[in-house]
Amino acid sequence: MGFLTLRKTTVIILAVLFMVYSMPPMPAHARQEADRQHRITATQPQLQALFIKKITKYVLDPGKRKIASNNPVTVAAVAPKKISRFFKKQDNFKLVRWPDEESNVLFIDIDNPRIIAAVLSKVEGKPVLTIGQSPDFLRLGGMINLVESGARFKLQVNICAARKAGLTISSKLLKLSEIYCGDTPR
């Protein structure tokens, strides 16, 4: 009885394998559609929070320690409401509203150049990593600018502003970025 069951199982497996391997390949347009359906999408605030968290791993404070090694990393935001739900207590980040004297990172998600300039003047010369998302951000003295490029973000880094604050930006991050000194590309 065992021999017949083994034989039937073998025949079924061979039939299934024949069906699978004899099927025509999926057309390219169907593969592209399947890829589109499986892509992960994220909101702009979600991406901003992710960039803030990742960037801190590639910036050293004046003591040559990674900003991400602070426990917790205090991120001050001018408008924290949009990104607040992406900073949970279980990760190593604490989100606070600007102004905050203990912050390691300052996120300025405002387009008004006067407000940007006023906020940046308060942290000028302090070892606070400034991250923004405005066409005027680097010109006004910001350090890292997130620029939307289609469905992606590009990084622009103002190395002169970072040096003035005593921060060192890793070459790994600089390789992925457009490098500026002020608003002048290098």
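Two residues are said to be in contact when heavy atoms of each lie within 4.5 Å. This criterion is applied here to a predicted model, in which local features need a pLDDT of at least 70 and side-chain atom pairs count only at pLDDT 80 or more, whereas totals for chains, interfaces and linings use all residues. Residues are numbered from 1 along each chain as its sequence is written, and side-chain values use heavy atoms, with hydrogens and water left out.

The secondary structure of the chain comes to six helices and 10 strands, where helices (H or I, at least four residues) and strands (E, at least two) are DSSP runs numbered from the N terminus. Of the 186 residues, 35% count as buried, a term that means under 20% relative accessible area, while exposed means over 50% and partly exposed covers the range in between (1.4 Å probe, protein chains only). Among the contacts in the chain with a separation of 6 or more, 47% are made by residues 24 or more positions apart.

Strand S2 (residues 73–77) has five of its five residues buried, so it is largely enclosed by the rest of the structure. Val73, Val75 and Ala77 point one way from S2, and Thr74 and Ala76 point the other way. Threonine 74 has lysine 94 of S3 as its bridge partner, and valine 75 stands opposite valine 105 in S4.

A nonpolar core is a set of buried Ala, Val, Leu, Ile, Met, Phe, Trp, Tyr and Cys residues joined through side-chain atoms within 4.5 Å. The largest such core has 29 residues, and those with the most contacts inside it are Ile55, Leu129, Ile131 and Ile144. At least two residues of this core come from each of several elements, including H3, S2, S4 and strand S5 (129–132). Apart from this core lies another, of 15 residues, among them Ala76, Val96, Ile116 and Phe137. Leucine 129 is in contact with residues that include Ile55, Val105 and Ile144, when its neighbours within four places in sequence are left aside.

The structure holds one aromatic pair, formed by phenylalanine 87 and phenylalanine 93, which are edge-to-face at 6.2 Å centre to centre with 70 degrees between the planes. Rings of Phe, Tyr and Trp (its six-membered ring) pair if their centres lie within 6.5 Å, and planes under 30 degrees apart count as stacked, over 60 as edge-to-face and the rest as tilted. Phenylalanine 87 is buried at a relative accessible area of 10%, and phenylalanine 93 is buried at 12%.

Serine 134, in the loop between S5 and S6, is buried, with a relative accessibility of 3%. Not counting residues up to four places away in sequence, serine 134 touches Ile110, Asp111, Ile116 and Asn145. Lysine 64, which lies in the loop between strand S1 (59–60) and S2, counts as exposed at 52% relative accessibility and has a positive phi of about 65 degrees although it is not a glycine.

Notes. Pairing = 2+ DSSP bridges.
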